[in-house]
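Here is a short report on one structure.

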Amino acid sequence: MQRAVSYPQRLARSLVTAAVLVALSGCEAPLNLEGVAQEQAKPVRRTDQFQALASNDNTLVAVGTDGLVLRRDRSASTWQRQQVVGSPGFIDVASCTDQSFAALSLESEVWLSRDQGQNWQRTAFDSEENMLALACAPDNSLWAVGSFSTIASSRDGGQSWNAQSLNEDAVLTDIQFLSKDAALVTGEFGTLAISQDSGHSWEVAEYIPDEFYPQGGYFRDRHNGWVAGLNGTILHTADGGRSWQSQPTGTESPLYGFHASGQRLFAFGDHGTLLELNGQRWAALDAPKIPVYLRDAESLGDNQLLVAGGWGALFTVDLNQ
């Protein structure tokens, strides 16, 4: 049987409850949103996850998750921040010889900007495969590579796309054009394929040993190339991929890619790893010691390198040190 509660008892309980709430509210500090507002006003924020960099003659562009695009004039020092409608998860960006930019998202969408990165339009690209890397060929055609050794291209500014496959159940992780005719792709299970006819056809070359999974690759010319992967591994070929040799890196952190500046070659990876090739070995650069991944780099003239990565990592490195 439920016990009846008299009015004086209910009143007493109400007063006790009110007193407890007042006491608790008195212990809570006033809500201060000033710090949040200051962080939101910054062009670069601690929560930013940068994935790629690109530049043309006039503009630098950085892209990241949640539709993040930062742009700045090469002659300026301040970034302008924007978020592309739909919040695509950008994972790669490339500049074209006509000064336009192209970006690839995790949603396997390709976006174009023809006004120095200020506005972005989604192209007609449509694929069931997961696309991971993007390139712009010397003739301004657009190229994307991804799962099931898929190589997709558009030769009309993104209005239509053609997809082909190497018929390998492998993920392609990088594509690079050496000239208007010569191009290479690298990927899972040591896949290396070469085109000599502007990407119309591809020939699978010798496989990289031990089914090496390259997170990124770079070829200086048809003969000399590098691939980077897990455990701080970098392999080098001097004969177009017929043979590969390991180069000491001094790290076991995963490495994600390369950036060339003239004859200098840099590699970057997890745990703030930033390396430069010195002969047949890789040496760590004097860069900020930050426990975040570094995903891309871009040259700022001959003396500085712009580096981008996770958790707001966007900084310059003096190459004269």
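Ser-149 counts as buried because its relative accessibility is 0%; buried means under 20% relative accessible area, exposed over 50%, and partly exposed in between, with a 1.4 Å probe and protein chains only. Ser-149 sits in the loop between β10 (142-146) and β11 (150-154). Helices (H or I, at least four residues) and strands (E, at least two) are DSSP runs, numbered from the N terminus. The phi of Ser-149 is near 45°, a positive value in a residue other than glycine.

Asn-167 is not a glycine either, and has a positive phi of about 60°. Asn-167 is exposed, at a relative accessible area of 62%. Its place is the loop between β12 (162-165) and β13.

## Basis of the model

This is a predicted model: local features need pLDDT of at least 70, side-chain atom pairs count only at pLDDT 80 or more, and totals for chains, interfaces and linings use all residues. Residues are numbered from 1 along each chain as its sequence is written, and side-chain values use heavy atoms, with hydrogens and water left out.

## The chain overall

The chain has two helices and 27 strands. Buried residues make up 50% of its 321 residues. The chain exposes about 16,300 Å², and carbon and sulfur atoms supply 49% of that area; accessible areas come from the Shrake-Rupley method with a 1.4 Å probe, and for residues only the protein chains shown count as cover.

Contact means heavy atoms within 4.5 Å. Among contacts between residues at least 6 apart in sequence, 38% join residues at least 24 apart.

## Sheet β5 to β8

Four strands form an open sheet in the order β5-β6-β7-β8, with antiparallel pairing. The edge strands are β5 (90-95) and β8 (121-122), and each pairs on one side only. Two strands pair if DSSP finds at least two bridges between them. Five bridges link β5 to β6 (residues 101-105) in the antiparallel sense. Here Asp-92 stands opposite Leu-104 in β6.

Four bridges then join β6 to β7, where Leu-104 has Val-110 as its bridge partner. β6 and β7 make a hairpin with four residues between them. In that turn, Ser-108 has a positive phi of about 60°. Two bridges join β7 to β8, and Trp-111 is partnered by Arg-122 in β8.

In a regular strand the side chains alternate between the two faces of the sheet.

## Sheet β13 to β16

A second open sheet has four strands in the order β13-β14-β15-β16, with antiparallel pairing. β13 and β16 (203-204) stand at the edges with a single partner strand each, so one side of each has no neighbour in the sheet. β13 and β14 run antiparallel, joined by five bridges. Phe-177 has Ala-183 in β14 as its bridge partner.

Gln-196 lies in the loop between β15 (191-195) and β16. Gln-196 and Ala-182 are 14 residues apart in sequence, yet 4.6 Å apart in space, C-alpha to C-alpha. Beyond its neighbours within four places in sequence, Gln-196 is in contact with Asp-181, Ala-182 and Arg-222.

## Cavity and pocket

Rolling a probe the size of a water molecule over the atoms shows where empty space is left. On a 1 Å grid over the protein atoms alone, a cavity is a set of points where a 1.4 Å probe fits but cannot get out; a pocket is an open set with protein on both sides within 12 Å along at least five of seven lines; lining residues have an atom within 4 Å of a point. Grid points are joined across faces, edges and corners, and a volume is the space filled by probe spheres set on the points.

The count is one cavity of 30 Å³ or more. The largest cavity has a volume of about 50 Å³. β13 (172-177), β14 (183-187), β17 (216-219) and β18 (225-228) each supply at least two residues of its lining. The largest pocket has a volume of about 1,300 Å³. Of the 43 residues that line the largest pocket, the closest to its centre are Val-93, Leu-134, Asp-174, Ile-175 and Phe-258.
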